[in-house]
Amino acid sequence: LLVYVPAFALLWTRMDDKVGHQRRYTRGGLEARLRETGFTVLATRYCDSLGFLAALAFRVLGGGADEPSSAALRFYDRWLLPPSRLLDIPLHGLLGKNVLAVARMSG
């Protein structure tokens, strides 16, 4: 099973509501949920560490905006997401905008 979900409740915005997210997870919380449902967790890691910082800055400095503009999202995806993948290498255990888990059914 491959699972890719949003991370850290602290980052919740109206954008989460808009795209249908139900919750945001920590690595430990996702691992626990997978184990509770009969999976053996093989690996977990945070992804998009720069996205964590960008989302946190938006929450703090967003000026009351409910969600980033389409232009801001396109800029991030094109210019900031690629270097974020490099930053993920040393920070994957600490923070990220998303959590990736690899698990298999136990038994």
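## Report on a predicted protein chain

Helix 3 and helix 4 are oblique to each other, a word for angles left over once those under 35 degrees (roughly parallel), over 145 (roughly antiparallel) and 65 to 115 (roughly perpendicular) are set aside. This is a predicted model, in which local features need pLDDT of at least 70 and side-chain atom pairs count only at pLDDT 80 or more, while totals for chains, interfaces and linings use all residues. Residues are numbered from 1 along each chain as its sequence is written, and side-chain values use heavy atoms, without hydrogens or water.

**The chain as a whole**

The protein chain has four helices and three strands; these are DSSP runs numbered from the N terminus (helices H or I, at least four residues; strands E, at least two). Along the sequence, their order is β-α-α-β-α-α-β. The C-alpha atoms of the protein chain fill a box of roughly 50 × 30 × 20 Å along the principal axes. Of its 107 residues, 30% count as buried (under 20% relative accessible area with a 1.4 Å probe and protein chains only; exposed is over 50%, and partly exposed lies in between). Among contacts (heavy atoms within 4.5 Å) between residues at least 6 apart in sequence, 78% join residues at least 24 apart.

**Helix 3 against helix 4**

Helix 3 covers residues 49–61 and helix 4 covers residues 70–91; they pack at an angle of about 120°, and their axes are 6 Å apart. The axes are lines fitted to C-alpha atoms over the stretch in contact, and angles between N-to-C directions run from 0 to 180 degrees. On the helix 3 side, Ser49, Leu50, Gly51 and Ala54 take part, meeting Tyr76, Leu80, Ser84, Leu87, Asp88 and Leu91 of helix 4. By class, this contact holds six nonpolar, three polar and one charged residues (nonpolar: Ala, Val, Leu, Ile, Met, Phe, Trp, Tyr, Cys and Pro; charged: Asp, Glu, Lys and Arg; polar: the others, Gly among them).

**The largest pocket**

The largest pocket holds about 750 Å³ of space. A pocket is an open set of points on a 1 Å grid where a 1.4 Å probe fits, with protein on both sides within 12 Å along at least five of seven lines; lining residues have an atom within 4 Å of a point. There are 29 lining residues, and the closest to the pocket centre are Asp48, Gly51, Leu73, Tyr76 and Lys97. Strand 1 (2–6), helix 1 (14–19), helix 3 and helix 4 each give two or more residues to the lining. Helix 4 supplies the largest share, 10 residues. By class, the lining has 17 nonpolar, five polar and seven charged residues.

| Residue | Loop between | Relative accessibility |
|---|---|---|
| Phe8 | strand 1 and helix 1 | 18% |
| Thr13 | strand 1 and helix 1 | 16% |
| Tyr25 | helix 1 and helix 2 (27–36) | 15% |
| Asp48 | strand 2 (39–47) and helix 3 | 5% |

Most residues other than glycine have a negative phi. Phe8, although not a glycine, has a positive phi of about 65°. Asp48 also has a positive phi, near 65°.

Tyr25 touches Val5, Pro6, Ala7, Phe8, Leu30, Arg33 and Val99, with residues up to four places away in sequence left out. Tyr25 and Val5 stand 20 residues apart in sequence, and their C-alpha atoms are 7.2 Å apart. Thr13 and Arg59 are 46 residues apart along the chain, with 7.7 Å between their C-alpha atoms.

Conventions: Points joined across faces, edges and corners; volume = space filled by probe spheres on them.
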